[in-house]
Amino acid sequence: MKDEKSKITAVAIEKMIDFYQGNLRDIEHFLKVWAYAKTIGEQESVDENTQGILELAAVVHDISCPLCREKYGNTNGKNQELESEPLVKEFFEEMPVSEQKVERIIWLVTHHHTYTNIDGIDYQILIEADFLVNASESNFSKMSIENAKSRIFKTAAGCRLLESIFLREE
């Protein structure tokens with residue numbers, strides 16, 4: 001079963017790379033978020049079903065960015081959440097992913113910029129993984145990162161990564 005999950009994830013990654021049509025920033029962003037999500041999920045020992053959902057959600061979490069750039073001129077998080085559902089549905093239409101899993105992936109993607117009322121370890125990990133990448137790519141201040149650590153980060157693995165990457169004593 002694990003091999004099947006890995007194959008589905010690999011197919012989704014290749015499909016997402018193609019979807020981004022050579023936009024290296026978007027491609028590298030989702031790959032980094034996926035890598036952090038995979039790492040945190042495995043370190044937190046989430047069950048196999050949840051890990052699969054988490055990884056697929058990480059792959060497609062910013063699927064609406066090209067549309068948002070065209071429609072709104074930016075990739076504002078709330079616009080991403082608003083525009084993602086039909087794109088995620090279409091993305092998984094011909095893939096062997098159950099409707100129940102696709103519904104959870106849609107929910108995660110349409111909430112991944114909402115840092116309140118986080119329900120579920122998959123949601124928590126996706127938020128943390130995306131924050132780790134955004135903090136690096138957008139050069140978040142140390143104060144912003146410390147604030148996120150106290151307010152957003154809950155997993156032991158996510159906290160360790162945040163500290164190791166951004167909060168080392170100099």
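Burial was assigned from relative accessible area, with buried meaning under 20%, exposed over 50% and partly exposed in between (1.4 Å probe, protein chains only). The structure is a predicted model, in which local features need pLDDT of at least 70 and side-chain atom pairs count only at pLDDT 80 or more, while totals for chains, interfaces and linings use all residues. Residues are numbered from 1 along each chain as its sequence is written, and side-chain values use heavy atoms, with hydrogens and water left out.

The cysteines were examined for disulfides, a disulfide being a pair of cysteine sulfur atoms within 2.5 Å. A search of the whole structure returned 0 disulfides. For C68, the closest cysteine sulfur belongs to C65 and lies 6.4 Å from the sulfur of C68, which is too far for a bond. C68 is buried, its relative accessible area being 0%. C159 is likewise classed as buried, at a relative accessible area of 16%.

Backbone geometry was then considered at two loop positions. Helices (H or I, at least four residues) and strands (E, at least two) are DSSP runs, numbered from the N terminus. Q21 is found in the loop that links α1 (2-19) and α2 (24-43). Although Q21 is not a glycine, its phi is positive, at about 45°. The residue Q21 is exposed, with a relative accessible area of 73%.

N117 is not a glycine either, yet has a positive phi of about 50°. With a relative accessibility of 73%, N117 also counts as exposed.
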